[in-house]
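Thanks for asking me to look this one over. My notes are below, numbered so that you can follow them alongside the structure.

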Amino acid sequence: MLSKVKNFLSQHFPAEAESKDAEHELRLAAATLCVEVMRADYEVVPQELESTLLSLRTLFDLTADEAKELLDLAQSSADQASSLHPFTSLINAEYSLTQKTAVVEMLWRGALSDKCNDKNEGQRGRTVAELRY
């Protein structure tokens with residue numbers, strides 16, 4: 001069913017469909033980086049998830065359900081990822097410096113929301129921040 005909808009959109013609105021796919025990929029890349037930073041200390045607590053969901057909703061103007069779905073996809077994406085490079089390179093190629101900064105702020109907001117400044121989360125956050133240039 002979903003493939004039929006995608007085919008219809010791409011046939012009748014090719015630029016719009018491609019734009020939506022690209023936007024989704026960028027959002028997924030940013031959310032996956034958030035997941036990677038949260039997981040760096042090997043413990044994801046509810047405060048981190050709640051903060052990340054709120055940040056996703058705010059940054060990308062999503063509903064609660066859309067943000068939850070995006071975070072679920074990002075967790076799956078992070079499970080399969082062997083490197084941060086595909087995510088950071090996509091963001092570097094498509095986002096402005098202001099947008100990149102907003103993503104890095106979102107990463108830190110999620111990582112620090114548990115009131116624990118873990119060295120692994122900090123290192124992962126700094127690594128991602130350095131890759132944005």
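1. Leaving out residues up to four places away in sequence, Thr32 touches Ala74, Ser77, Ala78 and Phe87. Thr32 itself lies in helix 2. Is Thr32 buried or exposed? Thr32 is buried: its relative accessible area is 0%, and the cut-off for buried is under 20%.

2. Before going further, please keep in mind that this is a predicted model. The mean pLDDT of the protein chain is 77, and 66% of the residues score at least 70. Confidence is lowest in helix 1 (residues 2-12), with a mean of 52, and highest in helix 4 (residues 64-80), where the mean is 92.

3. Now the overall picture. The protein chain contains seven helices and zero strands, so to speak an α-α-α-α-α-α-α pattern when read along the sequence. Of its 133 residues, 38% count as buried. Among contacts with a separation of 6 or more, 73% are between residues 24 or more positions apart. The accessible surface comes to about 8,200 Å², and carbon and sulfur atoms account for 53% of that.

4. Helix 4 deserves a look of its own. Its 17 residues reach 25 Å from the first C-alpha to the last, close to the 24 Å expected at 1.5 Å a residue. Which residues of helix 4 are buried? They are Ala67, Leu70, Leu71, Ala74, Ser77 and Ala78. Seen down the helix axis, these buried residues fall within an arc of 120°, so they line one face of helix 4. The face turned away from that buried side carries the exposed residues Asp65, Glu69, Asp79 and Gln80.

5. In soluble globular proteins, nonpolar side chains tend to be buried together. Here the largest nonpolar core has 25 residues, and those with the most contacts inside it are Leu56, Phe60, Leu70 and Ile91. At least two residues of this core come from each of helix 2, helix 3 (46-60), helix 4, helix 5 and helix 6 (97-112). The largest share, ten residues, is supplied by helix 2.

6. Setting aside neighbours within four places in sequence, what is Ile91 in contact with? The partners are Leu26, Ala29, Ala30, Leu33, Lys100 and Val103.

7. Ala22 sits in helix 2, which covers residues 14-39. Why does Ala22 not count as buried? Its relative accessible area is 40%, which means that Ala22 is partly exposed. The C-alpha atoms of Ala22 and Glu94 are separated by 9.3 Å, although the two residues are 72 residues apart along the chain.

Notes:
Residues are numbered from 1 along each chain as its sequence is written. This is a predicted model: local features need pLDDT of at least 70, side-chain atom pairs count only at pLDDT 80 or more; totals for chains, interfaces and linings use all residues. Side-chain values use heavy atoms; hydrogens and water are left out. Helices (H or I, at least four residues) and strands (E, at least two) are DSSP runs, numbered from the N terminus. Buried means under 20% relative accessible area, exposed over 50%, partly exposed in between (1.4 Å probe, protein chains only). Contact means heavy atoms within 4.5 Å. Accessible areas come from the Shrake-Rupley method with a 1.4 Å probe; for residues, only the protein chains shown count as cover. pLDDT is the predictor's confidence in each residue, from 0 to 100. The expected span of a helix is 1.5 Å times one less than its number of residues. The arc is that of the directions from the helix axis to the C-beta atoms. A nonpolar core is a set of buried Ala, Val, Leu, Ile, Met, Phe, Trp, Tyr and Cys residues joined through side-chain atoms within 4.5 Å.
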